[in-house]
Amino acid sequence: MDGTAGAGDAARPGAGDDGRAEGRAQLAGADELDVSFDIVPETDQSFENAIEKARDGVRLTVDDAIELLTTGTDVDGIDTRRKEQVLQAADHRRQDVVGDEVTFVANLNNNVTTACNVGCLFCNFKDAAHTFETDYDSPAEAEVPGFTKTPAESREIVADAVDRGIYEVTSVSGLHPAFALDDEHRATLEGYVDEHGPEAAYRDLNYKRPETYETDPGTYVAQIEAMSVDGVHVHSMTPEEAAHARRGTDWSYAEIYRCLREAGLDTVPGTAAEILVDEVRDVICPGKIDTQGWLDAMEAAASVGMGLTATIMYGHVENEAHRAVHLKRVRDLQARVDGAITEFVPLSFIHQNTPLYEHGVVSGGASRAEDELMIAVSRLFLDNIEHIQSSWVKYGDEGGLSMLACGADDFMGTILSEEITKRAGGEYGEFRSVADYADLISSIGRIPVERSTDYEQRRVVDPNESPLGPRLGPKADGTPLIRE
């Protein structure tokens with residue numbers, strides 16, 4: 001790959017100081033923050049027509065989805081009777097598509113760094129990148145709880161988890177200014193520093209030299225190589241991270257993902273999607289890539305042979321029309337990538353410790369009824385995506401199980417470590433054992449099934465088996481992930 005010393009098309013508006021300044025300006029004027037939108041939940045469709053189409057398996061339109069998500073735009077609030085009709089239709093569709101199996105994967109979350117300065121208002125996973133700098137003068141009373149792991153540390157963590165029996169390592173990290181794709185990218189970024197100075201490199205490319213920080217995260221390639229231990233499946237590099245990995249160059253997303261695949265990357269998580277409508281993104285994450293950038297990155301990853309997942313993060317400033325448009329864009333993407341998206345993951349906004357909540361932009365997250373309808377309409381609308389995930393991290397055990405009666409059929413993974421939701425105020429823990437899964441799934445009369453990331457490998461779990469542990473990972477032998 002031939003890099004250029006200029007900002008290039010990857011140095012999107014909002015990177016570096018511009019994005020942080022915009023985020024700060026929004027927070028400073030939170031009381032006056034304009035969250036009025038052009039896209040609103042108004043349709044010429046009726047709920048009755050929409051639910052009839054859903055029951056009959058007719059492909060739904062955006063207007064249909066709006067009617068189902070609102071339980072009818074002709075009523076105020078959610079109509080309980082109509083909601084149950086939507087949930088029932090979705091549960092029947094789930095039964096027709098995937099039957100009674102509820103899948104899960106034995107995995108580890110190994111997020112490399114919390115250092116980030118993009119300024120997303122829904123996030124409390126990140127820590128301001130400057131607080132990780134060697135010469136940062138921390139106030140005596142301040143505590144910087146974040147972390148950055150070296151590639152060697154990542155390898156040690158993942159190797160231990162592989163020995164315990166995991167199948168997959170998932171890694172989603174903050175956009176650390178010292179991160180580069182590889183040594184060639186590092187040289188390009190360093191050349192920009194040499195030519196224009198460190199302040200310009202930070203402003204234009206969100207880049208600072210590794211020696212600026214207490215811990216050097218290395219390169220994305222080094223981290224992926226480090227995590228690619230003993231055949232474990234590596235699920236990493238969101239579209240936003242891919243954009244960070246090409247800043248300052250004219251490299252395409254396909255080149256980025258091809259390089260990462262050669263380093264050991266197996267599949268790409270479709271997070272950073274949030275809401276795929278730019279008028280919403282301009283409010284909650286003005287420093288991130290726009291909707292088209294996310295779609296372009298996902299298509300590029302699929303074009304070099306990567307499997308994908310897709311998400312929605314809902315329950316903040318968006319409305320039901322935005323959610324419906326998001327679903328349409330994911331469904332259209334799945335058609336373009338020839339079915340590369342294996343699962344869709346609705347993520348309910350956890351509000352407690354986020355800037356949106358702390359500055360009064362939102363008063364809370366989605367209601368349980370909204371969660372149920374989001375799962376259900378995802379199942380009914382996304383007729384070309386087979387699996388819908390219920391997140392026990394977001395919903396808790398009871399809520400997560402209830403979503404399995406609303407159209408979902410996957411129950412996430414064992415995780416072993418979960419930082420993102422926990423740091424935002426999530427209260428539901430960060431680990432589930434195979435025994436937990438067997439008990440929880442069996443308790444609602446469904447069949448627990450351990451799966452691979454791509455769903456191609458499956459193992460029905462016998463709840464009466466003892467001990468209960470994973471068996472699909474490269475070193476899994478049925479031993480519980482956490483030993484006494």
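(Ala, Val, Leu, Ile, Met, Phe, Trp, Tyr, Cys and Pro count as nonpolar, Asp, Glu, Lys and Arg as charged, and the others, Gly among them, as polar.)

A word on what you're looking at: this is a predicted model, where local features need pLDDT of at least 70 and side-chain atom pairs count only at pLDDT 80 or more, while totals for chains, interfaces and linings use all residues. Residues are numbered from 1 along each chain as its sequence is written, and side-chain values use heavy atoms, with hydrogens and water left out.

Now show the whole of helix α2 (residues 47-56) and helix α4 (residues 80-98). Helices (H or I, at least four residues) and strands (E, at least two) are DSSP runs, numbered from the N terminus. The α2 and α4 axes lie 9 Å apart, at an angle of about 15°. That makes α2 roughly parallel to α4, since angles under 35 degrees count as roughly parallel, over 145 as roughly antiparallel, 65 to 115 as roughly perpendicular and the rest as oblique. Axes here are lines fitted to C-alpha atoms, for helices over the stretch in contact, and angles run from 0 to 180 degrees between N-to-C directions. The crossing of α2 and α4 is left-handed: the near helix is turned anticlockwise from the far one by less than a right angle, and clockwise would be right-handed.

**Next stop: α5 and α8**

Select helix α5 (residues 151-164) and helix α8 (residues 220-227), whose axes come within 8 Å and cross at roughly 25°. So α5 also counts as roughly parallel to α8. This crossing of α5 and α8 is right-handed. To see the contact, pick Pro151, Ser154, Arg155 and Val158 on α5, with Ala222, Gln223, Glu225, Ala226 and Met227 on α8. That set holds five nonpolar, two polar and two charged residues.

Step on into the loop between α8 and β6 (233-236), where you'll find Asp230. What is its phi? Asp230 has a positive phi of about 50°, although it is not a glycine.

**Then α15 and α16**

Bring up helix α15 (residues 368-381) and helix α16 (residues 392-403); their axes come within 10 Å and cross at roughly 45°. These two helices are therefore oblique to each other, and α15 passes α16 in a right-handed crossing. Select Arg368, Asp371, Glu372 and Ile375 on α15, which meet Tyr395, Gly399, Ser402 and Met403 on α16.

Show strands in the order β11-β1-β12-β13 and you have an open sheet of four strands with mixed pairing. Two strands pair if DSSP finds at least two bridges between them. Which strands sit at the edges? They are β11 (410-413) and β13 (458-460), each pairing on one side only. Neighbouring strands of this sheet are turned by 25° against each other on average, direction ignored. Zoom in on β1 (residues 101-105): two bridges join β1 to β11, and the two run parallel. For a landmark, click Val105, whose bridge partner in β11 is Gly413.

Carry on into the segment after β13 to reach Pro467. A cis peptide bond joins Ser466 and Pro467, with omega about -5°.

**Last, color by confidence**

Switch to pLDDT, the predictor's confidence in each residue, from 0 to 100. The chain's mean is 88, and 86% of its residues reach 70 or more. Select residues 2-32, where pLDDT stays under 50 and the model has 70 contacts beyond four places in sequence. Do likewise for residues 418-429: pLDDT stays under 50 there, with 40 such contacts beyond four places in sequence.

How values were computed:
Contact means heavy atoms within 4.5 Å.
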